[in-house]
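Subject: Structure for your files

Hello,

Here is the structure I said I would pass on, with notes on what was found in it below.

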Amino acid sequence: IFVSTAADILGNKDQSDKKPQNLDSLMGKIVKIDLENVKNYEIYSLGHRNVIGMHINDNIILATENGPRGGDEINLIKKGNNYGWPISSYGEKYRTPNQDEPFYKKSHQDFNYAEPIYSFIPSIGISEIIKIGSNFSKQWRDSFLIASLNSRSIYRINFNKEYSKVKFIE
């Protein structure tokens, strides 16, 4: 079983939290738990802010993640990858008067973090992701639905075969 844990984004006034990058903490991680022995677990990926939804099928794990102001993400989760939080994000901190420069590094790849498949700017208040069943509609085959809390909308999204790129969002 896979579970996600959130960063403590409201614990400090400056919105900092070092636990997602700390391997001695389970916060800000996706953890794989062995159901035969629940004490046997592994940190599957790290550097997460707040994973809201996960779709798992075979070897594909897609995760939706709330970013800061701007920067909600869709990530292809791979074992051992670091997704960069709180160092890299396409969003920005809330309540940042006199901000001249970005608080977060905008490139994930340049700092050896996994790039999101897609980042919503402005944020949509991303929520759950589900795959649409193959018997729903021929036109919607291989599509996913993503819920949005901000706009109270549902987005249909389609990825390329490798799940490395968004083909379209409607």
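**Nonpolar core**

The largest nonpolar core has 15 residues, and those with the most contacts inside it are L62, I74, I117, F144, I157 and F159. A nonpolar core here is a set of buried Ala, Val, Leu, Ile, Met, Phe, Trp, Tyr and Cys residues joined through side-chain atoms within 4.5 Å. Buried means under 20% relative accessible area, exposed over 50%, and partly exposed in between, with a 1.4 Å probe and protein chains only. At least two residues of this core come from each of β6, β8, β9 and β10. The strand that gives the most is β10, with three residues. In soluble globular proteins, nonpolar side chains tend to be buried together.

**Basis of the model**

This is a predicted model, in which local features need pLDDT of at least 70 and side-chain atom pairs count only at pLDDT 80 or more, while totals for chains, interfaces and linings use all residues. Residues are numbered from 1 along each chain as its sequence is written, and side-chain values use heavy atoms, with hydrogens and water left out.

**Sheets**

Strands (E, at least two residues) and helices (H or I, at least four) are DSSP runs, numbered from the N terminus. Two strands are taken to pair if DSSP finds at least two bridges between them.

An open sheet of three strands has the order β1-β2-β3, with antiparallel pairing. Its edge strands are β1 (2-4) and β3, each of which pairs on one side only. From one strand to the next, the twist averages 25 degrees; axes are lines fitted to C-alpha atoms, for helices over the stretch in contact, and angles run from 0 to 180 degrees between N-to-C directions. Three bridges join β1 to β2 in the antiparallel sense. F2 has K32 of β2 as its bridge partner, and V3 stands opposite V31 in β2. On the β3 side, β2 is paired antiparallel over five bridges, and V31 has I43 of β3 as its bridge partner.

A sheet of four strands is also open and antiparallel, in the order β8-β9-β10-β11. Strands β8 and β11 stand at the edges with a single partner strand each, so one side of each has no neighbour in the sheet. Here too the twist averages 25 degrees from one strand to the next. The antiparallel strands β8 and β9 are joined by four bridges. Within that pairing, K131 has F144 in β9 as its bridge partner; F144 is also among the core residues with the most contacts.

**Salt bridges**

A salt bridge is counted when a side-chain nitrogen of Lys or Arg lies within 4 Å of a carboxyl oxygen of Asp or Glu.

E92 and K106 meet through their side chains at 2.6 Å, N to O. Both residues lie in the loop between β6 (72-76) and β7 (118-120), 14 residues apart. E92 counts as buried because its relative accessibility is 12%, whereas K106, at 27%, counts as partly exposed.

D142 and K131 form a salt bridge at 3.9 Å, N to O. D142 lies in the loop between β8 (126-131) and β9 (143-148) and K131 in strand β8, so the pair ties together parts that are eleven residues apart in sequence. D142 is partly exposed, at 48% relative accessible area, and K131 is partly exposed at 30%.

E170 and R156 form a salt bridge at 2.6 Å, N to O. This pair links distant parts of the chain, with E170 in the segment after β11 (166-169) and R156 in strand β10 (residues 153-159), 14 residues apart. R156 is buried, with a relative accessible area of 11%.

**Surface patch**

I1, V3, L35 and V38 form a nonpolar patch on the surface, with about 380 Å² of accessible area together. Patches are made of residues with over 30% relative accessible area and no salt bridge, where like charges are joined within 9 Å and nonpolar side chains (Val, Leu, Ile, Met, Phe, Trp, Tyr) within 5 Å. Accessible areas come from the Shrake-Rupley method with a 1.4 Å probe, and for residues only the protein chains shown count as cover. V38 is found in the loop between β2 (29-33) and β3 (41-46). Its relative accessibility is 56%, so V38 counts as exposed.

Regards
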